[in-house]
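Here's a quick tour of one chain, arranged by topic. Keep the structure open as you read.

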Amino acid sequence: MAFDGNAFVDEMKNELISSGRGLRNATWIEKVARGEATKEELVGWARQHYWGVTYHTRRFLSVWVGRIPYEMTDDVIENIAEEVLGTEQKNLWGGEGKSHLEWLFHFTRGLGAPDDVIKLATPNADAILSESILFNFAHQRPWYEMIFGALMGIENQIPEAYTKAVKGFEEHYTDILTPDDYKFHTVHIIVDEDHGGGMDELAEKYLDTDEKRRSARAAYFAGAESARRCWDAFDGVKW
Ligand SMILES: [Fe+2]
């Protein structure tokens, strides 16, 4: 029987969801949904996301773009352009686009934290592990593992996780946060949704052996779990 990319992708997603280790169940997301996360915990999450992912995104994607099939390069360059220059924001809404790094600090400034709480923090092991797996995908692993380990394993989970967070902000945080303050999250709900489709087709096109399917599967669960551990290690922020 021919390899069914759709079944392959759905099975992995369902397995992650039923394990409870998806980003939608991350500690800070659950706390925000209940209105229980403190300002310090929210800035702590931002610190984790900065050191574990956002500070490095432009670099690991730029490395990876030199290793992928030529026909995929447009999409990845667009992804980098949005991350660094906000080009998709400009297309969608006109005016200025901001880098995702800027939007992250816009959020933490809205919570009253000085940037140095994040910039001068010593990254913890969970942040370094997250950053390291992303650079490992970019530099060392078979090129397609980034698709399943980072784009599907992390980025595709973002719209749903942030939709839950935004709902929590709207329900419980109106005294400390305005919708402008959490544009980091609303921008990602829109721009990452765009990168959500087509995993089943990519699987069918590029995962043409059992060995590749096994390595894509390993990358998916490792990428998702490393992002989850990174997000959950948000303790220890004060200012
Ligand atoms: Fe981003």
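Gly66 is exposed, with 10 other C-beta atoms within 10 Å (by count of other C-beta atoms within 10 Å, with C-beta placed from the backbone, 12 or fewer is exposed, 20 or more is buried and anything in between is partly exposed). This is a predicted model, where local features need pLDDT of at least 70, side-chain atom pairs count only at pLDDT 80 or more, and totals for chains, interfaces and linings use all residues. Residues are numbered from 1 along each chain as its sequence is written.

**Around Gly66**
- You'll find Gly66 in the loop between H4 and H5 (helices are DSSP runs of H or I, at least four residues, numbered from the N terminus).

**H4 against H5**
- H4 (residues 57–65) and H5 (residues 73–85) have axes that come within 10 Å and cross at roughly 165 degrees (axes are lines fitted to C-alpha atoms over the stretch in contact, and angles run from 0 to 180 degrees between N-to-C directions).
- H4 and H5 are therefore roughly antiparallel (over 145 degrees; under 35 is roughly parallel).
- On the H4 side, the residues that meet H5 include Leu61, Trp64 and Val65, and their H5 partners include Val76, Ile77 and Ile80 (contact means C-beta atoms, placed from the backbone, within 7 Å).
- By class, this contact of H4 with H5 has seven nonpolar, four polar and two charged residues (Ala, Val, Leu, Ile, Met, Phe, Trp, Tyr, Cys and Pro are nonpolar; Asp, Glu, Lys and Arg are charged; the others, Gly among them, are polar).

**H10 against H14**
- H10 (residues 145–152) packs on H14 (residues 210–232) at about 25 degrees, and their axes are 7 Å apart.
- That makes H10 and H14 roughly parallel to each other.
- Phe148, Gly149 and Ala150 are among the H10 residues in the contact, and H14 brings in residues including Ala216, Ala219 and Tyr220.
- The contact of H10 with H14 splits into seven nonpolar, three polar and one charged residue.

**Buried spots**
- In H7 (residues 100–110), the buried residues are His100, Trp103, Leu104, Phe105, Phe107 and Thr108.
- After H7 comes Gly112, with a positive phi near 95 degrees.
- The largest nonpolar core has 63 residues, and Trp28, Ala46 and Trp231 touch the most other members (a core is a set of buried Ala, Val, Leu, Ile, Met, Phe, Trp, Tyr and Cys residues joined through C-beta atoms within 7 Å).
- Leaving aside neighbours within four places in sequence, Trp231 contacts Leu23, Ala26, Trp28, Trp45, Gln48 and His49.

Note on methods:
Helices (H or I, at least four residues) and strands (E, at least two) are DSSP runs, numbered from the N terminus. Angles under 35 degrees count as roughly parallel, over 145 as roughly antiparallel, 65 to 115 as roughly perpendicular and the rest as oblique. Two residues are in contact if their C-beta atoms, placed from the backbone, lie within 7 Å.
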